[in-house]
Amino acid sequence: MARVYNFSAGPAVLPEEVLKEAAEEMLDYKGTGMSVMEMSHRSKAYDAIIKEAEADLRSLLNIPDNYKVLFLQGGASLIFASVPMNLMKNRKAGYILTGQWAKKAFAEAKMYGEAVELASSADKTFSYIPDCSDLPVTEDMDYVYICENNTIYGTKFHTLPDTKGKTLVSDVSSCFLSEPMDVTKYGMIYAGVQKNVGPAGTQVVIIREDLLEGDVLPGTPTMMNYKVQADNDSLYNTPPCYGIYICGKVFKWLLRNGGLSAMKELNEKKAKILYDFLDESSLFKGTVRKEDRSLMNVPFVTGNDETDAKFIKAAEAAGFVNLKGHRSVGGMRASIYNAMPVEGVEKLVAFMKEFEKNNQ
């Protein structure tokens, strides 16, 4: 069977080149006579894999030396708890609520201290990013938290909030490595890699060294203590070895293809094809305020549940899969991450035009 166009929000499409390389190395990685899946994480061969992955990621994002890069187990949802455990020294932090994942992180933080809602777009089903130019940030807050790209709702912070000098913590899971970013504007950036970088089960945490100083909250599991993980170079225990290996291959693929500036250009081109069609379509409508649209996740509806369901079914039969919107919002969503080729978006739009013609 031919490969489909996979518009899943995560686990998501990976570069075909990377999958082929991994397939070739499945039984014998570089003459070791074994798969990376079978390899000791303390071996020389694996040590080179994880060190190279970190070096390539540092190169892609221009990560300064005073930031630690951690490759850890679990998804981003685990980090909802480890952020307050590690950073909520005064037991107070500000949260900007722009969707489901920010809400979940907010609820988790409330277990560890005073989590304050600084702004929210819940009033319009999270279809926009609230004004964050003058937030009620107080002196005793340890950090300000955002989910930078909202996978479910298709919104993106194109301007970072004014945190009034407080540490900015950002969940970048669904926009990670889709465009250049200035790491120095954040105290901590993190991502579950299964959207744009690798297989589910691996997290990347980029954290400024000074934030590792001082005590973590009592009861913090050792595995979730970032200082312990940093001191052990992500090897405190067996890391998600194979996931990190695939991430490393994706980093190399990105470097070969012009880095993050080239990715941004490509992603803007793909998003424009889809948004331009949605803006002129008489059947399909985008759901996000124009200035807050994500390049990665594009939600849209027909306004009729039956038509939505008919479209999803027809699209799947035509080889466009995982277009169903998140269960909490319905409709459709096309996630067009780095590895989705331009051709995939062009063909989807051609299919949508045809469907529109036959279903008016």
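Asp279 lies in helix H7 (residues 259-280); helices (H or I, at least four residues) and strands (E, at least two) are DSSP runs, numbered from the N terminus. Asp279 is partly exposed, with a relative accessible area of 38%; buried means under 20% relative accessible area, exposed over 50%, and partly exposed in between (1.4 Å probe, protein chains only). Asp279 and Tyr190 are separated by 89 residues in sequence and by 33 Å in space, C-alpha to C-alpha.

The model is predicted: local features need pLDDT of at least 70, side-chain atom pairs count only at pLDDT 80 or more, and totals for chains, interfaces and linings use all residues. Residues are numbered from 1 along each chain as its sequence is written, and side-chain values use heavy atoms, with hydrogens and water left out.

**Helix H6**

Helix H6 (residues 241-256) has 16 residues and should span 22 Å at 1.5 Å a residue; its end C-alpha atoms are 23 Å apart, which agrees. The expected span is 1.5 Å times one less than the number of residues in the helix. Of the 16 residues of H6, 13 are buried, and the helix is thus mostly covered. Gly258 follows H6 and has a positive phi, near 95°.

**Strands and sheets**

Strands of a sheet pair through backbone hydrogen bonds, either parallel or antiparallel. Here two strands pair if DSSP finds at least two bridges between them.

Strand S5 (143-147) is largely enclosed by the rest of the structure, because five of its five residues are buried. Tyr143, Tyr145 and Cys147 point one way from S5, while Val144 and Ile146 point the other way. S5 runs parallel to S3, to which two bridges join it, and Gly94 stands opposite Val144 in S5. S5 also runs parallel to strand S8 (residues 167-171), with five bridges between them; in this pair Cys147 stands opposite Asp171 in S8.

A separate description applies to an open sheet of three strands in the order S11-S12-S14, where the pairing is antiparallel. Its edge strands, each pairing on one side only, are strand S11 (285-286) and strand S14 (332-335). Four bridges connect strand S12 (residues 297-301) with S14 in the antiparallel sense, and Pro299 stands opposite Arg333 in S14.

**Salt bridges**

Side chains of opposite charge can pair when their charged atoms come close. A salt bridge is counted for a side-chain nitrogen of Lys or Arg within 4 Å of a carboxyl oxygen of Asp or Glu, and by this rule the count comes to 25 salt bridges.

The closest N and O atoms of Lys92 and Asp140, which form a salt bridge, are 3.3 Å apart. Lys92 lies in strand S3 (residues 92-97) and Asp140 in the loop between strand S4 (114-120) and strand S5, so the pair ties together parts that are 48 residues apart in sequence. Lys92 counts as buried at 13% relative accessibility, whereas Asp140 counts as partly exposed at 37%.

In the salt bridge between Glu16 and Lys20, the closest N and O atoms are 3.5 Å apart. Both residues lie in helix H1 (residues 16-24), four residues apart, about one turn of the helix. Glu16 is partly exposed, with a relative accessible area of 41%.

The side chains of Asp210 and Arg208 also meet in a salt bridge, at 2.6 Å from N to O. Asp210 is partly exposed at a relative accessible area of 36%. Salt bridges that share partners join Glu17, Glu21, Glu25, Lys249 and Arg256 into one network.

**Pocket and cavities**

Rolling a probe the size of a water molecule over the atoms shows where empty space is left. On a 1 Å grid over the protein atoms alone, a cavity is a set of points where a 1.4 Å probe fits but cannot get out, and a pocket is an open set with protein on both sides within 12 Å along at least five of seven lines; lining residues have an atom within 4 Å of a point. Grid points are joined across faces, edges and corners, and a volume is the space filled by probe spheres set on the points.

The largest pocket holds about 300 Å³ of space. It is lined by 19 residues, of which Glu148, Lys156, Phe157, Pro180 and Tyr186 are the closest to its centre. The structure holds two cavities of 30 Å³ or more.

| Space | Volume | Lining residues include |
|---|---|---|
| Largest cavity | about 40 Å³ | Asn86, Lys89, Ile207 and Tyr226 |
| Second largest cavity | about 40 Å³ | Val13, Pro15, Trp253 and Asn338 |
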